[in-house]
Amino acid sequence: SVTTLTHTPVTLLFKLITSLLSLLFSYQIKSRKKKEMPLSETKKILVLYASQTGNSQQAATRIAEKIPSNLPGYEAALLSLDDFLEIEKAAWTQFVLICTSSYGVGQAPMGGYSFRRFCDYIVEHNCMDILNGVHFGLLGLGDSMYTTFFQNPTITNDAMHKAGATQIVKIGKADASKKQLQAIEEWTDNLWKPLKQAVESAPSMTEERLKELQMDTLNICEKAIPDFVNPLKENKLNAVPMNLMVGMPIVIALVAVVCYLLMQSENFASS
C-alpha cells in the first residue's frame with residue numbers, strides 16, 4: 001500500500017515560516033561574521049601621492065617598489081591622496097609615506113584636491129590628535145622658480161603634525177631647479193633606517209584605533225569637502241532596507257497564519 005502524505009494549510013505555513021526564520025538567522029550570522037572579520041594579516045604601508053606632471057607619482061612608485069626589499073614582511077599600497085579618502089574610505093595604516101607637489105599658486109595638484117581641503121580644515125580648526133599613532137614621511141616636489149612651489153607640501157606636513165601624526169624623517173624638498181632626481185634619491189635612501197626603527201619600536205595599533213582614525217577622518221571630510229558622502233554612514237543606511245527585505249516575508253507569513261486561524265475558529269464556531 002502507498003501512504004499519501006497530505007499537508008494542511010497550517011503545516012505548509014509553518015514550514016514556510018521556519019524556512020524564512022532560518023534564512024533570516026543565516027543572513028544575520030553572515031553579516032555578523034563579515035563585521036567581525038579581522039584586518040588583513042598582510043602588513044601594508046600606504047604610499048600616497050598627488051601629481052600634476054607625473055613626477056610625484058613616479059617618485060611614489062619607486063618608493064613603493066623598494067618597500068618589500070627594505071622592510072621584509074611589508075608591502076606598499078600605492079594610490080592617490082584623493083583615492084585614499086574617496087575609494088579606500090580613509091582606511092589608514094600605521095605607517096604612511098606621501099609624495100606631493102604644488103600647482104598654480106600653492107594649490108594641490110591632481111589627485112590631491114580633496115586631501116588638501118582635509119588638511120586645510122585640520123589647520124584652520126585646530127583638529128588635534130585625530131591621527132595619533134600614525135607615523136609618516138613626506139617628500140615634496142616643485143620648482144623654486146615659482147614662489148609658492150612648496151606651499152602644498154608644507155601645509156600637508158603641518159596638518160599631519162597638527163593632527164598628532166609622528167614624522168619619521170625630515171620633510172624632503174626636491175627642487176626641479178636644483179637636481180630634483182638626486183634630491184628624491186637622497187631622501188629615499190635616508191628613509192629606510194628611521195622607517196625600520198619606527199616599525200620595530202612603535203606599539204602596534206589596534207583594529208579599534210584604526211577604525212577611530214577612519215571615522216574621524218571621514219567626519220572631517222564631510223565638513224571640509226563639498227558633496228562628500230561618508231561611505232560608512234551610507235553603508236549603515238543601506239543595511240536597513242536589506243533587513244526589511246529579509247524580514248518582511250516573515251511578517252507577511254505570520255499575518256497569513258493569524259488570518260487563517262481566525263477563519264478556522266469562526267468556521268468551528270458556526271458549525
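Begin by selecting α5 (151-162) and the side chains around this helix, since the buried residues of α5 are in contact (heavy atoms within 4.5 Å) with β3, α4, β4 and β5 (166-167). Helices here are DSSP runs of H or I with at least four residues, strands are runs of E with at least two, and both are numbered from the N terminus. The model on screen is predicted, so local features need pLDDT of at least 70 and side-chain atom pairs count only at pLDDT 80 or more, while totals for chains, interfaces and linings use all residues. Residues are numbered from 1 along each chain as its sequence is written, and side-chain values use heavy atoms, with hydrogens and water left out.

Staying on the helix, colour N152, P153, I155, T156, N157, A159 and M160, which are the buried residues of α5; buried means under 20% relative accessible area, exposed over 50%, and partly exposed in between, with a 1.4 Å probe and protein chains only. The end C-alpha atoms of α5 are 16 Å apart, which agrees with the 16 Å that its 12 residues should span at 1.5 Å a residue, the expected span being 1.5 Å times one less than the number of residues. After α5 comes G164, with a positive phi near 100°.

Next, select A50, L81, T100, A108, G112, F115, R116, N152 and T156, which line the largest cavity, a space of about 40 Å³. α4 (113-124) and α5 are the elements that give two or more residues to this lining. A cavity is a set of points on a 1 Å grid over the protein atoms alone where a 1.4 Å probe fits but cannot get out, whereas a pocket is an open set with protein on both sides within 12 Å along at least five of seven lines; lining residues have an atom within 4 Å of a point. Grid points are joined across faces, edges and corners, and a volume is the space filled by probe spheres set on them.

Finish at two loops. A90, between α3 (81-86) and β3 (95-101), has a positive phi near 55° without being a glycine, and A90 is buried at 0% relative accessibility. K179, between β6 (172-175) and α6 (180-189), also has a positive phi, about 55°, but K179 is exposed at 61%.
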